[in-house]
Amino acid sequence: MCQLLGMNANTPTDVMFSFAGLARRADEHKDGFGIAFFEGRGLRLFIDPESARASPVAEMVRRYPIRSHHVIAHIRKATVGGVALQNCHPFVRELWGRYWVFAHNGDLQRERLAQALPLHGQFRPVGDTDSEHAFCWLMQELAKAHAGVPSVPELTRTLRELLPRAAACGSLNLLLCNGQALWAHASTRLHWVVRQHPFGAATLADEDLSVDFAALTTPADRVAVVATEPLTSDERWTAMAPGELQVFMDGLPLGG
């Protein structure tokens, strides 16, 4: 299974502690990695079919001073689609003058995708993964459902209607972001935690690395982190239920 990481914060926030925990899992998930983060309405995307443990792109990302309200990262264990740059998550499309970022883990049955999630609009896959097909279908259906830019609650209601159709094709753990909010949908395993005042220390579950968030934050800061498996061993992570859709804004879960 691939591994997902998402972050949503009320102030530009450094995600490298969590990314370090994610990258430690690249020994098993070695078929590529990617990270996308918003800077205002702009977006930076770094992807590589090499393992996040060995990739020079990943090393560059570790040195980059990432501070963002919204981040999605992914490390890949290939199941559908070969190990190739075009098959690396996150995937990006434009809709309503905004970038949309999508990452997925799980398997969707290819023989069911064409029938259950037909593509007939402007959004088409570049690679050959089930994930990118599902993302293109989702963008297509969002564009059909709304004539103009909808609000976050309106988008959430539409996603609640659409995602069960995609999830019926298999396993659909995903992260989706448009620079306004972060949506998370679970089929099997997805967890989240909110870090806010009073901040404490946290230790990575996969590496002997700790950070004292109190020394790096202000009392007004708040950040939500979503991951396939809890990244730290001393924080209280919430497991999402199968079929649950959660939306995060300003570092808080708003419910689905």
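1. Helix H4 comprises 16 residues and spans 23 Å from its first C-alpha to its last, close to the 22 Å expected at 1.5 Å a residue; the expected span is 1.5 Å times one less than the number of residues. Helices (H or I, at least four residues) and strands (E, at least two) are DSSP runs, numbered from the N terminus. The model is a predicted one, in which local features need pLDDT of at least 70 and side-chain atom pairs count only at pLDDT 80 or more, while totals for chains, interfaces and linings use all residues. Residues are numbered from 1 along each chain as its sequence is written, and side-chain values use heavy atoms, with hydrogens and water left out.

2. Of the 16 residues of H4, 13 are buried, so the helix is largely enclosed by the rest of the structure. Buried here means under 20% relative accessible area, exposed over 50%, and partly exposed in between (1.4 Å probe, protein chains only).

3. The largest nonpolar core has 31 residues, and those touching the most other members are Trp100, Met139, Leu142, Leu159, Leu176 and Trp183. Such a core is a set of buried Ala, Val, Leu, Ile, Met, Phe, Trp, Tyr and Cys residues joined through side-chain atoms within 4.5 Å. Two or more residues each come from strands S5 (91–95), S6 (98–105), S7 (173–177) and S14 (245–249) and from helices H4 (130–145) and H5 (152–167). H4 gives the most to this core, with seven residues.

4. Apart from this core lies another, of 23 residues, including Met7, Phe19, Phe46 and Val193.

5. Leu176 touches, among others, Trp100, Phe102, Phe135, Met139, Leu159 and Trp183, residues up to four places away in sequence not being counted. Contact means heavy atoms within 4.5 Å.

6. The structure holds five aromatic pairs. Rings of Phe, Tyr and Trp (its six-membered ring) pair if their centres lie within 6.5 Å; planes under 30 degrees apart count as stacked, over 60 as edge-to-face and the rest as tilted. Trp100 and Trp183 are stacked, because their ring centres are 6.0 Å apart and their planes lie at 15°. This pair links distant parts of the chain, Trp100 in S6 and Trp183 in strand S8 (residues 182–185), 83 residues apart. Both Trp100 and Trp183 are buried.

7. The rings of Phe102 and Phe135 are also stacked, because their centres are 4.8 Å apart and their planes lie at 10°. Here S6, which holds Phe102, is linked to H4, which holds Phe135, across 33 residues. Phe102 counts as buried at 1% relative accessibility, and Phe135 counts as buried at 0%.

8. Trp96, Trp100 and Trp183 form one aromatic cluster.
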